[in-house]
Amino acid sequence: MMNSNYTALVHRAGLRPLTSRVVAWLGLLLGAALLSGCATVANPDPRDPMESYNRSMTNFNEQVDAMVLKPVAVAYKEITPAPVRTGVSNFFANIGDVWSFVNNVLQLRGEAAASSFMRVNVNTFMGLGGVLDIASELGIDRYKQDFGLTLGRWGVGTGPYLVLPILGPSTVRDTLALPVDMKGNVVSYVDPVSARNSLYGLRAVEVRSNLLRAGSVLDSAALDKYSFTRDVFLQVRSQAGEAQNADGKDAGNSNDGVLPEEPAR
């Protein structure tokens with residue numbers, strides 16, 4: 001059922017499901033990005049010694065976004081009622097709280113781990129599987145963590161800024177932690193594979209749709225979108241680590257490292 005809905009959404013956006021030809025085209029774009037990234041940038045930012053590569057990968061990601069992700073996200077936002085979109089966001093946030101609980105345990109943060117545990121149980125059993133965020137209404141704080149922050153807790157530095165294909169801004173530390181984070185994602189254990197992939201696709205569309213208004217702010221406000229995005233990401237990620245070192249508490253934003261949304265008019 002979800003596969004058919006996803007296919008209908010893709011067609012509504014004026015696209016077709018990916019074919020081998022599209023995949024080959026994306027492969028060519030990626031190869032071109034990697035080749036162009038071989039050049040060097042004069043006086044690179046100390047936090048970004050791989051700036052030439054990162055800029056090339058950013059251009060690749062923007063082309064993929066323009067061709068696939070953004071049109072589908074726009075269609076999703078147009079045809080899906082706001083309460084349903086909120087429910088989808090709550091559902092995936094509840095899944096994220098499971099992994100946050102594990103990382104809070106690994107960081108030996110008892111209060112944060114207990115809060116994450118309570119959030120998952122309250123929202124799963126009282127919030128219709130996480131569709132309703134009952135825990136927040138009850139005042140149970142969210143302590144959002146991932147394995148990259150867990151490594152930081154035990155003294156591993158972030159390393160240089162790094163832009164990943166499709167996934168976007170990251171750091172060397174967070175990239176090394178990514179396989180562990182993927183294993184810790186409850187969705188990765190969903191069976192059959194078709195349902196798992198549908199959830200991955202829905203999550204990607206949901207995240208991208210939440211960034212539509214932020215993207216318009218970026219387009220209108222930044223003279224150099226790359227530098228602006230990099231600086232915001234590194235600042236927010238650094239603040240997440242500092243907050244974690246203080247008490248592990250998330251400030252309430254479930255989208256660490258992304259640009260803020262445009263204020264409502």
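## Salt bridges and a helix

Reader: What relative accessible area does Arg47 have, and which class does that give?
Author: Residues are numbered from 1 along each chain as its sequence is written, and side-chain values use heavy atoms, with hydrogens and water left out. The model is predicted: local features need pLDDT of at least 70, side-chain atom pairs count only at pLDDT 80 or more, and totals for chains, interfaces and linings use all residues. Buried means under 20% relative accessible area, exposed over 50%, and partly exposed in between, with a 1.4 Å probe and protein chains only. Because its relative accessible area is 38%, Arg47 is partly exposed.

Reader: Which residue forms a salt bridge with Arg47?
Author: A salt bridge is a side-chain nitrogen of Lys or Arg within 4 Å of a carboxyl oxygen of Asp or Glu. Here the closest N and O atoms are 2.8 Å apart. Arg47 is in the loop between α2 and α3, and its partner is in helix α11, 184 residues apart; helices (H or I, at least four residues) and strands (E, at least two) are DSSP runs, numbered from the N terminus. That partner is Asp231.

Reader: Are Asp45 and Arg230 buried or exposed?
Author: Their side chains meet in a salt bridge at 3.7 Å, N to O. Asp45 is in the loop between α2 (20-36) and α3, and Arg230 is in helix α11 (residues 225-246), 185 residues apart. Both Asp45 and Arg230 are buried.

Reader: How many residues apart are Glu51 and Arg55?
Author: The side chains of Glu51 and Arg55 form a salt bridge of 2.8 Å, N to O. Glu51 counts as buried because its relative accessibility is 8%, while Arg55 is partly exposed because its value is 26%. Both lie in helix α3, about one turn of the helix apart, and the separation is four residues.

Reader: Which residues are linked in a network of salt bridges?
Author: By the rule above, the count comes to 17 salt bridges. The network links Asp45, Arg47, Asp48, Glu51, Arg55, Asp224, Arg230 and Asp231.

Reader: At what angle do α4 and α9 pack?
Author: Contact means heavy atoms within 4.5 Å, and Val88, Ser89, Phe91 and Phe92 in α4 meet Leu199, Leu202, Arg203, Glu206 and Asn210 in α9. Axes are lines fitted to C-alpha atoms, for helices over the stretch in contact, and angles run from 0 to 180 degrees between N-to-C directions. The axes of α4 and α9 are 10 Å apart, and the angle is about 115°.
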